[in-house]
Amino acid sequence: MKGGTAGAWTGTEVALPAAENLDAFSGEVGRKVSQVAENTVPAERILTSSGPADRLVYEAPFDQTSGGTAVAAITQVLLVVPGRGYVLTFTTTPSRAPADGPVFAEIARSIVLTP
């Protein structure tokens with residue numbers, strides 16, 4: 001991302017039942033996202049260096065300011081291995097989303113989970 005961009009990414013690990021798969025995990029995260037998202041693109045299955053993942057793209061409010069409610073453009077990539085789920089969350093401004101999206105996608109595709 002180029003100068004002045006308000007972009008960030010975080011990773012979260014979640015304990016899952018051993019039998020929970022990507023479809024179930026993605027469905028649960030998608031339901032939670034739908035409670036806060038201003039607009040949501042349905043989950044898209046992508047291939048990462050660690051295997052299949054689901055990508056959710058949406059905008060959500062994150063802060064009240066004197067000028068109104070600030071909105072973030074969010075991309076989440078969901079991965080599952082037995083007993084663990086991972087949520088990679090990429091955040092930028094809505095105006096930067098078209099430029100930052102391909103960078104986020106490249107990072108997500110390159111993630112390798114190691115035991």
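Trainee: What makes strand S5 largely enclosed by the rest of the structure?

Mentor: This is a predicted model, and in it seven of the nine residues of strand S5, residues 84-92, are buried, so the strand is largely enclosed by the rest of the structure.

Trainee: How do you know that S5 pairs with strands S1 and S4?

Mentor: Pairing requires at least two bridges between two strands. Eight bridges join S1 (residues 8-15) to S5 in an antiparallel arrangement, and Glu13 has Tyr86 as its bridge partner in S5. Nine bridges join S4 (residues 68-81) to S5, also running antiparallel, with Thr92 in S5 as the bridge partner of Ala73. In the hairpin of S4 and S5 there are two residues between the strands, and Gly83 takes a positive phi near 85 degrees there.

Trainee: Why is the contact between the side chains of Arg84 and Glu13 called a salt bridge?

Mentor: The cut-off is a side-chain nitrogen of Lys or Arg within 4 Å of a carboxyl oxygen of Asp or Glu, and the side chains of Arg84 and Glu13 meet at 3.2 Å, N to O. Arg84 lies in strand S5 and Glu13 in strand S1, so the pair ties together parts that are 71 residues apart in sequence.

Trainee: What makes Arg55 and Glu44 a salt bridge, and is each residue buried or partly exposed?

Mentor: Their side chains meet at 2.7 Å, N to O, in a salt bridge. Arg55 lies in strand S3 (residues 51-65) and Glu44 in strand S2 (residues 39-48), so this pair ties together parts that are eleven residues apart in sequence. Arg55 has a relative accessible area of 18% and is therefore buried, whereas Glu44, at 40%, counts as partly exposed.

Trainee: How many salt bridges are there in the whole structure?

Mentor: A search of the whole structure finds seven salt bridges, and Asp23, Arg45 and Asp54 are linked in a network of salt bridges.

Terms used. Residues numbered from 1 in each chain as written. Predicted model: local features only at pLDDT ≥ 70, side-chain atom pairs only at ≥ 80, totals over all residues. Heavy atoms only, no water. Buried < 20%, exposed > 50% of the residue type's maximum accessible area, 1.4 Å probe, protein only. Helix = DSSP H or I, 4+ residues; strand = E, 2+ residues; numbered from the N terminus.
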